[in-house]
Amino acid sequence: MKAILYTTYSYADAIEKLTELFLDKSRNIEDKNFIFTPEKNTLILESLLTESKGGYFNTRVFSFGKYLKYFMPKSTVLSREGSVMAIRKIIAENEQNLKCFSTHSVGISENLYDSIALLKSAKVSFSDLFDATNKVDGILKDKLSDLYLIYSEYEKYLSTGYFDQSGMLSLIPS
């Protein structure tokens with residue numbers, strides 16, 4: 001498989017380059033084309049490609065997450081909502097050990113998932129969080145301890161054969 005990476009300075013430049021490339025491409029059905037774009041742009045790009053030549057059978061527009069979902073077994077990929085539900089369950093099961101977070105707080109599971117996703121994207125592990133917990137006191141220590149417990153239990157849950165949205169990107173070959 002041959003991969004060509006094009007970068008542009010703006011979204012308008014990207015659309016122009018993409019349209020130019022695909023107007024020049026042959027319609028050989030044997031050639032497979034994958035276009036990667038942020039999730040919010042996939043429908044726009046699919047529409048532009050369809051308008052430019054009337055459609056393609058050999059071209060797919062993906063975000064990285066959608067690509068991995070498409071090519072991985074469906075049962076192993078957790079949606080954002082599935083991850084939030086898992087975190088809600090973890091909070092409920094560990095509520096007696098948590099000092100700051102509880103299932104009674106509105107939106108807490110969603111906010112904790114977002115926090116964990118940010119930590120993972122910054123390559124901060126739950127053990128790094130544990131180390132940080134030992135360097136502070138007071139309410140910050142309590143919150144970091146709670147976050148450590150939830151994050152570590154969430155990772156334990158994922159290790160039973162699941163991937164979440166942020167973990168899927170690590171599966172893309174570099």
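Biologist: What makes the meeting of the Lys120 and Asp164 side chains a salt bridge?

Modeller: Bear in mind that this is a predicted model. The N to O distance between the Lys120 and Asp164 side chains is 3.0 Å. A salt bridge needs a side-chain nitrogen of Lys or Arg within 4 Å of a carboxyl oxygen of Asp or Glu, so the label applies.

Biologist: How do you know that this pair links distant parts of the chain?

Modeller: Lys120 lies in helix α5, whereas Asp164 lies in the loop between α7 and α8 (165-168), and the two are 44 residues apart.

Biologist: Why is Asp164 called buried?

Modeller: Buried means under 20% relative accessible area. Asp164 has 1% relative accessibility, so Asp164 counts as buried.

Biologist: What makes Lys120, Glu155 and Asp164 one network?

Modeller: Shared partners in their salt bridges join the three. Besides the bridge to Asp164, Lys120 forms one with Glu155, where the closest N and O atoms are 3.0 Å apart.

Biologist: How many salt bridges does the structure hold?

Modeller: There are seven. One of them joins the side chains of Lys99 and Asp142, at 3.9 Å from N to O. With a cut-off of 4 Å, that distance qualifies, so the pair is included. Lys99 sits in the loop between α4 (80-93) and α5, and Asp142 sits in helix α7, 43 residues apart.

Biologist: Why is Lys99 called exposed, and why is Asp142 called partly exposed?

Modeller: Exposed means over 50%, and Lys99 has 60% relative accessibility, so Lys99 counts as exposed. Asp142 has 22%, between the limits of 20% and 50%, so Asp142 counts as partly exposed.

Biologist: On to the surface. Which residues form the nonpolar patch?

Modeller: Phe34, Phe36, Phe64, Tyr70 and Phe71 form it, with about 490 Å² of accessible area together. Both β1 (33-36) and α3 (64-71) supply at least two residues, and α3 gives the most, with three.

Biologist: Why does Phe64 count as partly exposed?

Modeller: Phe64, which is placed in helix α3, has 41% relative accessibility; that falls between 20% and 50%, so Phe64 counts as partly exposed.

Biologist: To finish, what does the whole protein chain look like in terms of helices and strands?

Modeller: The chain has eight helices and two strands, running α-β-α-β-α-α-α-α-α-α from the N terminus. Of its 174 residues, 32% are buried. The accessible surface is about 11,400 Å², with 57% belonging to carbon and sulfur atoms.

Definitions and conventions
Residues numbered from 1 in each chain as written. Predicted model: local features only at pLDDT ≥ 70, side-chain atom pairs only at ≥ 80, totals over all residues. Heavy atoms only, no water. Patch = residues over 30% accessible without salt bridge, like charges linked within 9 Å, V, L, I, M, F, W, Y side chains within 5 Å. Areas by Shrake-Rupley, 256 points an atom, 1.4 Å probe, with all protein chains shown as cover. Helix = DSSP H or I, 4+ residues; strand = E, 2+ residues; numbered from the N terminus. Buried < 20%, exposed > 50% of the residue type's maximum accessible area, 1.4 Å probe, protein only.
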